[in-house]
Amino acid sequence: MKGIPMQTGVLRVLRAIAASWWRHKELRRTGQTGQAQRLERETVLRDLGYLKQAASLPNAHVICGEGGTFIHLGWTTVSSFLPIERFPLATLAVSRGTPFIDIRPVTDVIAFANLPRVARDGSVDPDSSGPGKSDSLTTYIDMVDALGARIVNDPRPNRST
């Protein structure tokens, strides 16, 4: 987030998302505006924390497939059954530079399912085989790129789309 306008824009989006939740709307409708405001504030602070983690963790990334959109933040995952176009928190993370892997173009689902997972903490699993194998984000992106995935904010050297 460079400068005040981006910070203000991010806060504006997060506040609008929180205010649009059905529960918060219902609290306001029933006159419980204080509780609605408190819950909205908590939601915005939680989402700001997710955005900070997405910007600072080495293997943080957003991935979108037919099953929804996931923000992978090490040991935490934030998900929605919606595509990224309808998941504003993920869209904000990508707009702020978090790598985005769009696997919707991938047609070989068997090969994709057999890929190792991304290491949660930035470390790489020394065991090179097995179902629990994990790799770095850049190695994972090399593999999904070969399967036809679309990559945005590519962290690999000399690549950015």
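Mentor: Arg156 is found in the segment after strand E7 (150–152), where strands (E, at least two residues) and helices (H or I, at least four) are DSSP runs numbered from the N terminus. The model is a predicted one, in which local features need pLDDT of at least 70 and side-chain atom pairs count only at pLDDT 80 or more, whereas totals for chains, interfaces and linings use all residues. Residues are numbered from 1 along each chain as its sequence is written, and side-chain values use heavy atoms, with hydrogens and water left out.

With a relative accessible area of 7%, Arg156 is buried; the term stands for under 20% relative accessible area, exposed for over 50%, and partly exposed for values in between, with a 1.4 Å probe and protein chains only. Once its neighbours within four places in sequence are set aside, Arg156 is in contact with Thr138, Ile141, Asp142, Asp145 and Ile151, contact meaning heavy atoms within 4.5 Å.

Two of these partners also meet Arg156 through polar contacts: the side chain of Asp142 at 2.7 Å and the side chain of Asp145 at 3.0 Å. A polar contact is a pair of N or O atoms within 3.5 Å; within protein, one must be able to donate a hydrogen and the other to accept it, and residues adjacent in sequence count only if both atoms are side-chain atoms.

Side chains of opposite charge can pair when their charged atoms come close. The side chains of Arg156 and Asp142 meet in a salt bridge, at 2.7 Å from N to O, the term requiring a side-chain nitrogen of Lys or Arg within 4 Å of a carboxyl oxygen of Asp or Glu. Because Arg156 lies in the segment after E7 and Asp142 in helix H6 (residues 137–146), this pair ties together parts that are 14 residues apart in sequence. While Arg156 is buried, Asp142 counts as partly exposed, at 41% relative accessibility.

Asp102 is found in strand E4 (residues 100–102) and counts as buried, at 5% relative accessibility. Leaving aside neighbours within four places in sequence, Asp102 is in contact with Cys64, Ala149 and Arg150, and its C-alpha atom is separated by 6.4 Å from that of Gly65, 37 residues apart along the chain. The side chain of Asp102 makes a polar contact with the side chain of Arg104 at 2.8 Å, and the two residues also form a salt bridge, the closest N and O atoms being 2.8 Å apart.

Arg104 forms a further salt bridge with Glu85, where the closest N and O atoms are 3.2 Å apart. This pair links distant parts of the chain, 19 residues apart, with Arg104 in the loop between E4 and helix H5 (109–113) and Glu85 in the loop between strand E3 (76–80) and helix H4 (88–95). Arg104 is partly exposed, with a relative accessible area of 26%, whereas Glu85 counts as exposed at 55%. Glu85, Asp102, Arg104 and Arg150 are linked in a network of salt bridges.

As for the setting, the structure holds 11 salt bridges, and the secondary structure of the protein comes to 6 helices and 7 strands. Of the 161 residues of the protein, 37% count as buried.
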